[in-house]
Amino acid sequence: MTIQKIAIVGGTHGNEYTGPYLLNLLKYRVPVLRYLTFDLKIFLANPKAYQNKVRYIDYDLNRSFLSEDLANYSLDSYEANRAKVINQVLGPKENSKTDLIIDVHSTTANMGVSIILVNNNMFNLQLASFLSTRIPNVFIYYIPPEAYTGNNDHPFLNSLAKYGFALEVGPIPNGVVRHDILLQAYDATLACLEYIEKKNKGMDVYYESTVDVYEHVSAVEFPLDSDGKIDAIIHKELQDMDYKPLEKGAPIFEKFDGRIVVNHEDESFYPVFINEAAYYDKKIAFSLTRKKRIRVDNIT
Ligand SMILES: [Zn+2]
């Protein structure tokens, strides 16, 4: 199998500047690097939201790619239309002309360089394993569709192609670029392109034979008052502890009245997206994942 068409996507969320800035770096530098075995498309996903410095205009673009929504022409928000355009340009979903998509995002959570997979096929896991040997502070976060939407479809842009991932870098505020974090995204992207170039040429590429994958379990809401408003703060002992085991009895919130809310889960889950700014609207405080060690070597 060779990967012939790759898309690097940025600005799916218009207030996450690392992606669009990365696209600019790539426009200047990739021609010099000259990849021979694949076509590379550099694509700004939500230009209007980026211009307006907002996550989205009408609706979250990165929740607009369910197959039924792409087929539904009664949805007429800016993002619903934009998703259909992107489905034409990069997709179509299920029969995509693009083999691999890297969709670049940033987070306010302390998640390092997260490789977020919506498809845990062996190619994606081996690529993720390679990246974790090459780039410091890499974590692999897999979102099974059933755990996220309750059925077998995904609403994420990445679900247009079989291969690839969302590259999530942080912590960084929205509307800001940081040189160090931009370079992490750049290095991870270049390492990915190098891997594919070598694989396409039939070369051996080293990667670890096992990887730790953090598999999405559930989202955890903030405590709410009787009016449905958030009435607690994420506890300082949980802040920045993404990908660290959360033990039963550990404090997770402090309510305005001073009461401490503790974790009641019997299993030690691994929280991610702790205090992500974009999730306050949805009243989500963090998500829980289960850590699994997975073999990724080819068994022949
Ligand atoms: Zn994003």
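Select Glu 16, which counts as buried because its relative accessibility is 4% (buried means under 20% relative accessible area, exposed over 50%, partly exposed in between, with a 1.4 Å probe and protein chains only). Before you click on, note that this is a predicted model, where local features need pLDDT of at least 70, side-chain atom pairs count only at pLDDT 80 or more, and totals for chains, interfaces and linings use all residues. Residues are numbered from 1 along each chain as its sequence is written, and side-chain values use heavy atoms, with hydrogens and water left out.

Glu 16 sits in the loop between β1 (5–10) and α1 (18–33), and His 105 in strand β3 (residues 100–106), so the pair ties together parts that are 89 residues apart in sequence. Helices (H or I, at least four residues) and strands (E, at least two) are DSSP runs, numbered from the N terminus. Like Glu 16, His 105 is buried, with a relative accessible area of 2%.

**Next: strand β9 and its partners**

Select residues 251–255, strand β9: four of its five residues are buried. Strand β8 (residues 232–234) runs antiparallel to β9, joined by three bridges; two strands pair if DSSP finds at least two bridges between them. Look for Ala 232 opposite Lys 255. Strand β10 (residues 260–262) also pairs with β9 in the antiparallel sense, over three bridges, and there Pro 251 faces Val 262. In the β9–β10 hairpin, with four residues between the strands, click on Gly 258: its phi is positive, near 100°.

Which bond joins Gly 91 and Pro 92? A cis peptide bond, with omega about 0°; Pro 92 is in the loop between α4 (78–89) and β3. Another cis peptide bond joins Gly 170 and Pro 171, with omega about 10°.

Finish with Asp 240, in the loop between β8 and β9. Asp 240 has a positive phi near 70° and is partly exposed, at 35% relative accessible area.
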